[in-house]
Amino acid sequence: MIELYHALHSTCSQKVRICLHEKNLSWTSRLVALDRKEQLSDWYLALNPNGVVPTLVHDGRPVVDSSVICEYLDEQFPQVPLTPATPLGRARMRAWMRYVEEVPTSAVRVPSFNGAFLARFKGLDEQAFRREQADVRPLRKHFYRRMGPNGFPLADVEASVEQLTRTVDRMDADLAPGGPWLLGSQYTLADIVVAPLIDRIADLGLDELWRDGRRPAFAGWFARMQARPAFCLAFPKGARLTEFLPVVPVRQLLQPVTP
């Protein structure tokens, strides 16, 4: 019995959905309403004290953290292997996964919130925002505090775009000598965990990084990723921000606000 507590537009949820579909596993969907802060309710915090999605529940036992969930699924259901067989291969895969967690996963949140989610906090002053939105979050309290009701400062958006650009450059450089996947011929969890972040970058209007012949190795990788049935199944209607919210493109966010 596999249950996934998730949100359609959550990039961390998307990577777990890709993994589940790649392994052809049967699972029960439990949607969590992030806009109503359902992830902060007592019943959900009992499953995941971090108060974020996704949470996998397998035979009644919760597993948290999206990349950990993917590794758990690959170990628990090895019939479709997504991890290299050699120690060196596994080390390379985990190095990529660590990089993805530390750089683009954090970076993409800044334009996502500034470009799509700020309307949820309209009308809140700083004190009310901290009380109702920031301080109730076990894991992301200081992220929300830095954002505030008016969004992240321009310097944070610029730093985020720099990190996302560097991620695309790094992937393109690794893919250029061979590919077709990040670790060469084998499709692995490294490809899965980064794919939703790249899809989010495109949804925010930053796909200019690989359009028109720029970074061709990367562009080829993303096209192959998008063509996989598991990827398509992991992105039902409502999984992209532009499908249900007005989104300000990243390049517009980079323009200084004139007083």
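Analyst: Helices and strands are taken here as DSSP runs, numbered from the N terminus, where a helix (H or I) needs at least four residues and a strand (E) at least two. The model is a predicted one, in which local features need a pLDDT of at least 70 and side-chain atom pairs count only at pLDDT 80 or more, while totals for chains, interfaces and linings use all residues. Residues are numbered from 1 along each chain as its sequence is written, and side-chain values rest on heavy atoms, with hydrogens and water left out.

As background, most residues other than glycine have a negative phi, and most peptide bonds are trans. Against this, the bond from Val 53 to Pro 54 is cis, with omega near 5 degrees, and Pro 54 belongs to the loop between helix H2 (42-47) and strand S3 (55-58). A further cis peptide bond links Gly 179 to Pro 180, with omega about 5 degrees; Pro 180 is placed in the loop between H9 and helix H10 (189-203).

Positive phi values also occur outside glycine. Asn 24, in the loop between helix H1 (11-22) and strand S2 (28-31), has phi near 55 degrees. Because its relative accessibility is 65%, Asn 24 counts as exposed, on a scale where buried means under 20% relative accessible area, exposed over 50% and partly exposed in between, for a 1.4 Å probe and protein chains only. Lys 37, which lies in the loop between S2 and H2, has a positive phi of about 55 degrees, and with a relative accessible area of 27% Lys 37 is partly exposed.

Two strands are said to pair if DSSP finds at least two bridges between them. S3 runs antiparallel to strand S1 (residues 2-6), to which it is joined by 4 bridges, and here Leu 4 stands opposite Leu 56. S3 is likewise antiparallel to strand S4 (residues 61-64), again through 4 bridges, with Thr 55 opposite Val 64. The hairpin of S3 and S4 has 2 residues between the strands, and in it Asp 59 takes a positive phi near 50 degrees.

Helix H3 (residues 66-76) holds Ser 67, which counts as buried because its relative accessibility is 7%. Leaving aside residues up to four places away in sequence, Ser 67 touches Lys 15, Met 97, Glu 101 and Val 193, where contact means heavy atoms within 4.5 Å.

Val 110, Pro 111 and Asn 114 of H6 meet Asp 156, Val 157, Ser 160 and Leu 164 of H9.
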